[in-house]
Amino acid sequence: MSTIFSQIVEGEIPARIVYEDETTIAFLDANPLAPGHTLVIPKDEYERLNDVPEDVATDLYATVHRMVPAVEESVDADATTVAFNNGEEAGQEVPHVHCHIVPRFQGDGGGPIHGLFGGPADLADDKLDDIAADIESRA
Ligand code: 5GP
């Protein structure tokens with residue numbers, strides 16, 4: 001079964017589409033966290049960032065890059081939080097990759113993404129060295 005976002009791509013359910021090209025589309029979030037909250041997605045269905053082919057990832061970022069200033073200017077935002085919930089455990093509810101562009105305003109109380117956690121993880125230097133080496137070997 002196709003995701004709700006594929007149904008938007010196909011025009012089967014309505015959405016406030018604000019940009020579209022061959023491979024990507026941007027539309028307003030139906031439950032906006034702030035005025036102008038926009039989602040940017042690849043038209044093809046990939047569940048996670050990890051599944052997105054490189055050429056589509058390039059297109060996706062190009063659309064994010066285009067939409068961030070457009071969104072900020074349209075609602076006169078001071079800044080934006082730009083984020084992916086990448087996987088269910090990270091809070092992803094719709095299994096179709098999407099980038100949130102959430103306008104931010106001075107004093108909106110939203111805080112940084114660091115606010116998702118109580119504070120930094122307590123990791124010893126040798127553990128951090130191991131993790132860095134392991135990530136580097138896979139990059
Ligand atoms: P997630 O939690 O998966 O990162 O975010 C999914 C987002 O999609 C939510 O912010 C939610 O409001 C939005 N959303 C869910 N269903 C629809 C829909 O049918 N139309 C639009 N425009 N947004 C939706």
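**Notebook: the ligand and its surroundings**

I take helices (H or I, at least four residues) and strands (E, at least two) as DSSP runs, numbered from the N terminus. I am reading a predicted model, in which local features need pLDDT of at least 70 and side-chain atom pairs count only at pLDDT 80 or more, while totals for chains, interfaces and linings use all residues. I also keep in mind that residues are numbered from 1 along each chain as its sequence is written, and that side-chain values use heavy atoms, with hydrogens and water left out.

**Entry 1: the ligand**

I then checked oxygen atoms of the ligand against polar atoms of the protein. One lies 2.9 Å from an N or O atom in the side chain of N85. At E93, a polar backbone atom is 2.7 Å from a ligand oxygen, and at V94 a polar backbone atom is 2.9 Å from a ligand oxygen. On its own the ligand has 520 Å² of accessible area, and the protein covers 81% of that; such areas come from the Shrake-Rupley method with a 1.4 Å probe, and for residues only the protein chains shown count as cover.

**Entry 2: the chain as a whole**

I counted 3 helices and 5 strands, and read their order from the N terminus as α-β-β-β-α-β-β-α. The C-alpha trace spans about 50 × 40 × 25 Å along its principal axes. Of the 139 residues, 30% count as buried (under 20% relative accessible area; exposed is over 50%, partly exposed in between, with a 1.4 Å probe and protein chains only).

**Entry 3: K43**

Is K43 buried or exposed? I found K43 in the loop between strand 3 (38-42) and helix 2, and K43 counts as buried because its relative accessibility is 18%. The side chain of K43 makes a polar contact with the side chain of E20, at 2.9 Å. I use that term for a pair of N or O atoms within 3.5 Å; within protein, one must be able to donate a hydrogen and the other to accept it, and residues adjacent in sequence count only if both atoms are side-chain atoms. The K43 side chain also reaches the backbone oxygen of D21, at 2.7 Å.

I placed D76 in the loop between helix 2 (54-75) and strand 4. D76 counts as exposed because its relative accessibility is 62%.

T81 lies in strand 4, and at 22% relative accessibility I list T81 as partly exposed. I also compared T81 with V52, which is 29 residues away in sequence and 22 Å away in space, C-alpha to C-alpha.

I found F84 in the loop between strand 4 (79-83) and strand 5 (99-104). F84 is partly exposed because its relative accessible area is 31%.

Last, I looked at Q106, which lies in the loop between strand 5 and helix 3 (125-138). I list Q106 as exposed because its relative accessible area is 76%. Q106 and A79 are 27 residues apart in sequence, and from C-alpha to C-alpha I read 8.4 Å between them in space.
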